[in-house]
Amino acid sequence: MSNTNITHTVIQGAPRQFDMAELHQRQQDSRAIYKASHSSYERASAPIAKDFLQLIADKLNTGYALSPFPINWTGGDYNTLLLKTAKEQESDMATLDILARADYIEELEKEHEWYKQLLTQQLLEAEQAKQDKKAAAEKAKLLAAIKTEVDSCYTPLTIPKV
């Protein structure tokens, strides 16, 4: 009398633990993406060419650098990207390191919670299986006792041979 449609939770593996090497790799990946993106640049723009050139000169004097991207010389919309100063880039990357760490920790915590939920489900299923087995045994015992009582109430049927 087993039910083959019952699914059983099976836990495979274990949740990962914090790994400093993995965190460093994630932080390095985050920094590499930052350096390869426009995030490490700042847009400089002005509507007048003279103002635009003065802005570029001022930015270069504070540590910004020209980027490999083209300068837009369209009248009324002069703009370009300038590479941020080393100090600004380091500040941005320090923030990215903090975010990478927080994301990694959140991912690990979610994974641990998922494994806890799986184990809870598995233990509930095991307890339910025990109770079902015990109930089936008690029912079989009760049916046997009732059958004995019923059999004792009636004499066996005798059919004469004709």
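Guide: Start with a cut-off: a residue is called buried when its relative accessible area is under 20%. Keep in mind that this is a predicted model.

Visitor: Why is Glu-111 called buried?

Guide: Glu-111 has a relative accessible area of 18%. The cut-off is under 20%, so Glu-111 counts as buried.

Visitor: Which residues does Glu-111 touch, leaving out those up to four places away in sequence?

Guide: Glu-111, which is found in helix 3, touches Ala-14, Pro-15 and Arg-16. Glu-111 and Ala-14 are 97 residues apart in sequence, yet their C-alpha atoms are 9.2 Å apart in space.

Visitor: What makes the pair of Glu-111 and Arg-16 a polar contact?

Guide: A polar atom of the Glu-111 side chain lies 2.8 Å from the backbone nitrogen of Arg-16. The limit is 3.5 Å between N or O atoms, with one able to donate a hydrogen and the other to accept it. The pair therefore counts as a polar contact.

Visitor: How do you know that Thr-85 is buried?

Guide: Its relative accessibility is 11%, and the cut-off is under 20%, so Thr-85 is buried. Thr-85 sits in the loop between strand 3 (78–83) and helix 3 (86–153). Its side chain reaches the backbone nitrogen of Glu-88 at 3.1 Å.

Visitor: Which residues make up the largest nonpolar core?

Guide: There are seven: Ala-44, Ala-46, Phe-52, Ile-56, Tyr-64, Tyr-78 and Leu-82. Strand 1 (41–46), helix 2 (49–61) and strand 3 each give two or more residues to this core.

Terms used: Residues numbered from 1 in each chain as written. Predicted model: local features only at pLDDT ≥ 70, side-chain atom pairs only at ≥ 80, totals over all residues. Heavy atoms only, no water. Helix = DSSP H or I, 4+ residues; strand = E, 2+ residues; numbered from the N terminus. Buried < 20%, exposed > 50% of the residue type's maximum accessible area, 1.4 Å probe, protein only. Contact = heavy atoms within 4.5 Å. Core = buried A, V, L, I, M, F, W, Y, C linked by side-chain atoms within 4.5 Å.
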